[in-house]
Amino acid sequence: MLDTASEPVTERRGTSSWRPAVVLGAVLTLLYAVLLLCDLSVPQPVDHSRYMDAARSFPSRPKDPIFDHQYLRIGLTGPTALVMKVFGYSEVTYHAFPVAAALLLFASVYAIGCMLFGRLVGVLSAGVLGCVGIVVVAGTELLPDLPATALFTAAVALTIAVREGLLPWRRLWLVVIGVLMGWSYLTREFIVFVWPLVPALLWRRIGRWEWLWGLVPVALTGIGETALNAHLYGDPLARLHAGSGLGDLPSRPEVARTFHNLPLWVYLWRLPQQLGHLAEAPGMLLLLALTLAAGMYVVVRLVRRTSTLPERRVGVFALWLMLLWVPLTLEGGVLNPAHPKLRLQLLRYWYPIFPAFVLGGVAALWVAVRALRPAGRRGALAAGAVVSCVAVATAAFAVVGRPGMPGWAGSDRVRSDALPEFRSWLARSQARTVWVDAKLFRILPIYFVTSTGHRVWRGNMRPMTASARPPSGDYVVVYSVGSDACPRCGDAARAVLPTVPPAWRPVMTSHDRLLHVWQVA
């Protein structure tokens with residue numbers, strides 16, 4: 001619990017003092033939107049394109065059952081389908097919901113930090129999390145993990161606001177919290193592991209019957225999904241069955257070896273091990289360690305009945321972290337190393353606790369320095385300086401990198417404009433047929449239209465294979481060979497076209513030299 005208050009409900013407090021914080025948050029979120037829109041990630045021909053396919057035929061089931069789990073995540077495909085009704089199979093459709101979710105996450109982290117510890121903690125926490133490379137990329141790509149995290153984090157922010165008496169019409173906001181939680185489940189099923197944080201925060205702070213205002217939307221979400229799954233799949237629990245079988249999906253031997261039948265310590269160490277591969281690893285690991293250490297410290301202080309309110313507030317983030325870390329680690333290999341349910345080396349599975357340990361680490365450092373320094377202005381300045389240095393260093397590592405580990409600002413994944421350049425060329429050209437590798441075949445249709453969905457080319461695209469080769473006069477497109485813009489596109493292109501025949505005529509090369517077009521002689 002955040003404190004030891006025993007009153008059954010929370011009275012509303014005045015909100016005029018929060019207006020500067022709200023204005024600052026709005027400005028920062030707008031700036032973050034500019035950052036994301038200037039660094040839109042390149043669509044990928046794997047899960048991302050499957051979600052686009054699911055949105056195009058929503059609601060439906062895939063022809064191949066191996067993709068059931070993607071079509072069943074209607075919390076992601078449903079909103080994307082609505083955008084697709086307006087903008088078609090386009091870049092706006094691909095990026096709209098992820099960008100909105102990333103902005104919601106940024107604003108929610110800022111709000112949580114402000115409400116519990118003050119504006120500095122809110123600004124630094126949101127800034128650090130927003131600049132993390134994988135969050136910048138995930139904030140503009142069509143995958144369910146970051147949107148589910150954002151929806152739940154927004155529910156936590158509203159929960160704290162209700163708890164602190166900062167919102168009018170409390171019952172209405174309890175309904176909104178329930179809707180956000182249900183939506184987060186429809187987007188990514190194992191977000192439910194962190195749901196207990198919300199009732200823990202509201203315990204003894206709302207009336208006995210007020211709980212129903214939040215529970216009803218969650219119950220209706222479950223009932224609606226069950227009915228839809230029964231209609232489409234003949235199985236009311238289709239998504240739970242599909243989600244629990246992810247670890248048993250076919251994997252290449254080299255992939256299976258990375259998460260099957262490993263020593264126990266490997267599964268227990270997965271999160272810090274994977275964080276260590278990031279450019280911003282020093283700062284992220286420090287924040288994770290501070291959150292865990294603060295949690296253990298608060299437990300000891302609670303047992304001794306000597307904890308303070310700031311300490312208990314920091315302890316909440318350790319609880320948030322453990323709510324996901326324990327079940328994911330158990331299901332990811334500890335309980336059954338021969339048949340893990342999840343591949344824990346995928347950092348996106350851990351996104352729901354990123355806000356927890358970033359907020360927890362920044363807040364723990366703030367509280368610790370304040371406790372060690374003299375009270376008053378000098379102590380606050382010292383705490384602010386220390387926390388700011390850690391946060392700025394972490395964000396800088398994420399953006400520009402460190403020796404041997406480049407940051408996201410130098411990645412072709414977010415800075416390549418080769419595909420929009422190809423679209424411009426295609427609109428001007430007389431090309432009737434273009435040939436591409438099997439991976440580029442999946443994402444190139446996004447660029448046959450403008451970013452808002454207006455058709456610019458009406459020719460034919462064909463996949464190039466060993467048995468299907470382009471005839472004279474047609475065009476061949478190769479993209480991302482040796483680049484992280486679309487690694488699978490580059491690998492597929494290299495496999496199907498190891499060398500370019502000297503008779504082929506080069507007709508277009510993107511400015512970053514990642515995309516090439518030849519006309520077949």
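A salt bridge is taken here as a side-chain nitrogen of Lys or Arg within 4 Å of a carboxyl oxygen of Asp or Glu. The structure is a predicted model, in which local features need pLDDT of at least 70 and side-chain atom pairs count only at pLDDT 80 or more, while totals for chains, interfaces and linings use all residues. Residues are numbered from 1 along each chain as its sequence is written, and side-chain values use heavy atoms, with hydrogens and water left out.

**Salt bridges**

The structure holds 18 salt bridges. Three of them are listed below with the distance between nitrogen and oxygen.

| Pair | N to O distance |
|---|---|
| E225 and R239 | 2.5 Å |
| R188 and D145 | 3.0 Å |
| E189 and R188 | 3.4 Å |

Helices are DSSP runs (H or I, at least four residues) numbered from the N terminus. In the pair of R188 and D145, R188 lies in the loop between α9 and α10 (197-202) and D145 in helix α8, so the contact ties together parts that are 43 residues apart in sequence. Burial is judged by relative accessible area: buried means under 20%, exposed over 50%, and partly exposed in between (1.4 Å probe, protein chains only). R188 counts as buried at 3% relative accessibility, D145 at 2% and E189 at 9%.

E225 forms a salt bridge with R239. This pair links distant parts of the chain, with E225 in helix α11 and R239 in helix α12 (residues 238-244), 14 residues apart. E225 is buried at 6% relative accessibility, and R239 is buried at 1%. Through shared partners, salt bridges join D47, R73, D145, R188, E189, E225, R239 and R348 into one network.

**Cysteines**

With a disulfide defined as a pair of cysteine sulfur atoms within 2.5 Å, a search of the whole structure finds one. It is formed by C486 and C489, whose sulfur atoms are 2.1 Å apart. The torsion about their S-S bond is about 55°, so the disulfide is right-handed. Both C486 and C489 are buried. C114 is in no disulfide, the nearest cysteine sulfur, that of C131, being 17 Å away; C114 counts as buried at 7% relative accessibility. The sulfur of C389 is 16 Å from the closest cysteine sulfur, in C131, which is too far for a bond. C389 counts as exposed at 54% relative accessibility.

**Cavities and a pocket**

On a 1 Å grid over the protein atoms alone, a cavity is a set of points where a 1.4 Å probe fits but cannot get out, and a pocket is an open set with protein on both sides within 12 Å along at least five of seven lines; lining residues have an atom within 4 Å of a point. Grid points are joined across faces, edges and corners, and a volume is the space filled by probe spheres set on the points.

There are two cavities of 30 Å³ or more. The largest cavity has a volume of about 40 Å³, and its lining includes F58, Y71, L228 and Y233. Helix α11 gives the most to this lining, with four residues.

The second largest pocket has a volume of about 620 Å³. It is lined by 23 residues, of which V22, A111, M115, A161 and L167 lie nearest its centre. Helices α1 (19-37), α5 (91-117), α8 (145-163) and α9 (170-187) each supply at least two lining residues, and α5 gives the most, with seven.
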